[in-house]
Amino acid sequence: MSLNPLPVRSMLSIRARRSSRSLIAAALAALAVLAASTLHPADRTAAQQAAATAAKRPLTHADYDAWRAIQFQQLSNDGRLLAYALVPQDGDGEIVLRNLASGAEYRHARGRRPDPPATQTEGGEPTGPTGPGGPGRFGGGAGNQLDFTADGRFLVFTIFPTRGEVAEARKARKRPDEMPKNALGIMDTSTGQVARIERVKSFRLPEDAGGFLAYSLEAKPEARPAGAQRPEGAAPPPERGAAPAARGRASQRREYGTDLVLRNLADGSERTFADALDFSFSRDGRSLVYTVSSRQEDNNGLFAVTPGDAADAVALLKGKGKYLRTTWDDDGQQLVFLSDRDDAASKAPKFKLYHWDRKTQAAAELVSGETPGARSGLVVSERGGINFSTDGNRIFFGTAPPSEPETEEEDDTPAEEKVIVDLWHWQDDFIQPMQRVRANQTRNRSYRAVYHIREKKFVQLADETLEGLAPAGDGLRAIGSDDRPHRRLVGVDANYSDYYLVDTLTGARKPLRRKQQFGLSSSPLGRYATFFDGKDWHAVSLVNGNTVNLTKDLGVAFHREDHDTPNTPFAYAQPIWTKDDRYVLLSDRYDIWQASPDSGSARPLTDGLGRREKITFRYVRLETDNRERGVDPEKPLLLRAENETTRETGFYRDRINGGAPERLLMGPKSYSAPVKAKNADVMLFTASRFDEFPDLLVSGPDFRDVKKASNANPQQSQFLWGSAELVRFRNTDGVPLSGILIKPENFDPTKKYPLMVYIYEQLSQGLHQYQPPSPGTSINRSYYASNGYLVFMPDIIYTVGYPGESAMNCVLPAIDAVVERGFVNEQAIGIQGHSWGGYQISYMITKTNRFRAAEAGAPVANMTSAYSGIRWGTGLPRQFQYERTQSRIGGNLWEYPMRFLENSPVFRADRVATPLLMLHNDNDDAVPWYQGIEYYLALRRLDKEVYLFNYNGEFHGLRRRANQKDYTRRMQEFFDHHLKGAPKPEWMEKGIPFVDREKEKEKYRTVSDAKMKAQN
């Protein structure tokens, strides 16, 4: 079947119409400006604004790709320079370096960053990194992509292949090792000149010293026969649903090192070290250590080299085997690592722990299987993490049962004769899906042990009876956790553990807390621990065991007062300690309290200002040294503030034992928590509104001289946008609530507009959130406002046992509050929501005909069948969700059968009169997709207008951009047809036959792209 592309004449006609529209818009704008010049100043301003609006156009789906985000922003240590990456949604990005004093900028192409794996929210949509965060400032490791040298003379960054280069390589069907690789850019910050180095895997910079850079190169492509798809003898990728590989070493592929290059940044000279697998600098930059994994195994080892010294690298330990887990102490004066050198010839080699002091020439063995204190059945584990205590006197590492030996025997049992089966046993701690999800975690489990350097003593601290262990303070004490007695409650109730105080010199354990839900955390010096019991905060002395309730007599609640699910409420914020262990800072709904862990006495640090003015105060950590633990009581504290009523945000300053907080900045925007330059009082932060992208801002510590330091999306000025405001309303029970109303930029209160309602739970806190135009699972409110819709996002609160009715009792009065203003077309109200929002919509359309059209993504339609389903992403049974959390039934199916029935939309499907569009994908890892099928089949059986999209292989929310674009366009067409009277698209008119679905997608994409180009 041919696609019948648009003829050339039609394309020329489209271009002509676009050109004509542009000329007409420009002429009208010019006439408006000319006319405005003759008006009164007040009228002239209004006319000029109208002219500016007339020159703008609505957003189209073709505008998404070029919208850019800011990532990996960094201040130089002295605060003079700012660097960041500008990353379009789909396209090649660039690196920007800005001199904050002069405003001068240098830019360099960066290519297209590979898409990061999507992460799944608990009941929401897939998310990626957002806001002004990014990787930590220190280390410049393999995961880092942009970093200043400590002296600020150079900016080092990763350069990705361009989108075109990757597309060409894929078209040519190149092997993975032949695909375009990342490069490294080294920018001179004084000139903007960039040195480019090809095929760079990763780089690292010293934390406290400039002058040198280390980077590792990609392996050279292997010579292979033409047409070979994978190395000879390599196993094919496992099929979906295949049983996981058995634990052991047979499936592990040895990884070999590549060239490591040490570069002198002053003169560009370089030294190369072969077969390096891992590498790191000491903090002061005077030592570079690297491990070697060579095909000539006698060359393996851990080596150290002094940057700037021409002497050969020194072998700290050398010989056949692996060298792993190289770890520095906080000051960078000593390191530890693991090696199986002495047992490398074994089929299941055992590792030892080694230690190197920089004052010595070689590493020394610390722990092996024969060390006094070693426990039978446990060996030093390469899978466990390693860290030093804060004072550098203790080393914590992992032990585990020995790995199974490699075997050369092959299982020659025919595939059809193999049995693959799971047993779901009623007494299992975790059900089989949870075991499957946690299989790698189980296989790689290790138990914490410690080596006391001064005492030369090894102590096994954790084991199968106490799997969790967190050192406290200087490591002489630790807090251990055991969840075994409470595992069967996971997925039914909550996660609980028993906690113990562990003496790391003897391994002795003392009970601290039984069946604790919210964990225990220790103070910086390790003298105390705090825990929350669902109502109050407590401090327990790790020295004498005394426990003090810190909040019971303060007259305010420290649990979330708006908590409306049938489980234990959470605390408002985690405790913050002063670094001397003298005070702990605790947060109620508004204020921060300063409490003594000894006496339990407390005073309001924020002087009650928060509660009086309905301002929420939260501490902002500004320390940039990763060795700093706790708040310095001698320094002022920075607090982020948010007005609960107006949603204004800003910053205040306060002090330990001080007076009232000092206001620094407050305004109708959402200000992010600032990041401070390491050695200067320069703050980096963002501010956003619905119509204002969160560009980077810099200021001094008083926030009096705020300056804009980026302009990521200047093209926004070309588009119609909108404005956001709060609407107050009361639900049917009279409870005052708020909602966000978004109006189109050219809003006219005398007109009638279609209204799009988006729901989840409480949303009004996002009043000043900027949403870039982008495709996705749900509506994009910026796009809909730009295209002439009102968008409304009301808050919803709940009564346990009646979640569906609770939603309706909030949403319908909220809509009435907007309709009463006179500018809503009541025959054109639509509603959209995903997951929990999708459920609530599915319920509401069985009770009301208020909506002209509705979209429900991944909805639960039948709570009785969903109750005993599985959340496949986590492996958890879904029962907990109905009994204890979001679904809010408040009990099990046998206690409240009628609640499950009454809250299930499928049992009232015969009452639905609203056209419904659904999205439910067959690989949904949160809500079983048969829930969407149940509702679809019921509505279809009743001859209701219903459409169900299933993007094959997709998860709870759409992750593939092509699918996001496709569904975004179809959802807009659905609503435009029902709410704006647009023609019904072909897929709504005729459906998409299975045998034609590939052709339909290609035709649909081609036609949609042509429409977007015509509109632009």
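Student: What does the accessible surface of the protein come to, and what share belongs to carbon and sulfur atoms?

Tutor: In this predicted model, the accessible surface is about 47,300 Å², and carbon and sulfur atoms account for 49% of that area. Of the 1016 residues of the protein, 50% count as buried.

Student: Which residues of the largest nonpolar core touch the most other members?

Tutor: The general idea is that nonpolar side chains tend to be buried together in soluble globular proteins. Here the largest nonpolar core holds 109 residues, and those touching the most other members are Tyr784, Ile831, Leu916, Tyr935 and Phe975. Helix α8, residues 803-819, supplies the largest share of this core, with ten residues.

Student: With which residues is Tyr784 in contact, leaving aside its neighbours within four places in sequence?

Tutor: With those neighbours set aside, Tyr784 contacts Met756, Ile779, Tyr789, Val791, Met971, Gln972 and Phe975. For the protein as a whole, among contacts between residues at least 6 apart in sequence, 58% join residues at least 24 apart.

Student: How many helices and strands does the protein have?

Tutor: The secondary structure comprises 16 helices and 57 strands.

Student: What is the order of the strands in the open sheet of four strands?

Tutor: In general, strands of a sheet pair through backbone hydrogen bonds, either parallel or antiparallel. In this open sheet the order is β35-β36-β37-β38, and the pairing is antiparallel.

Student: Why is one side of β35 and of β38 left without a neighbour in the sheet?

Tutor: Strands β35 (576-577) and β38 (602-604) stand at the edges and each has a single partner strand, so one side of each lacks a neighbour in the sheet. Gln594 has Arg603, in β38, as its bridge partner.

How values were computed. Residues are numbered from 1 along each chain as its sequence is written. This is a predicted model: local features need pLDDT of at least 70, side-chain atom pairs count only at pLDDT 80 or more; totals for chains, interfaces and linings use all residues. Side-chain values use heavy atoms; hydrogens and water are left out. A nonpolar core is a set of buried Ala, Val, Leu, Ile, Met, Phe, Trp, Tyr and Cys residues joined through side-chain atoms within 4.5 Å. Buried means under 20% relative accessible area, exposed over 50%, partly exposed in between (1.4 Å probe, protein chains only). Helices (H or I, at least four residues) and strands (E, at least two) are DSSP runs, numbered from the N terminus. Contact means heavy atoms within 4.5 Å. Accessible areas come from the Shrake-Rupley method with a 1.4 Å probe; for residues, only the protein chains shown count as cover. Two strands pair if DSSP finds at least two bridges between them.
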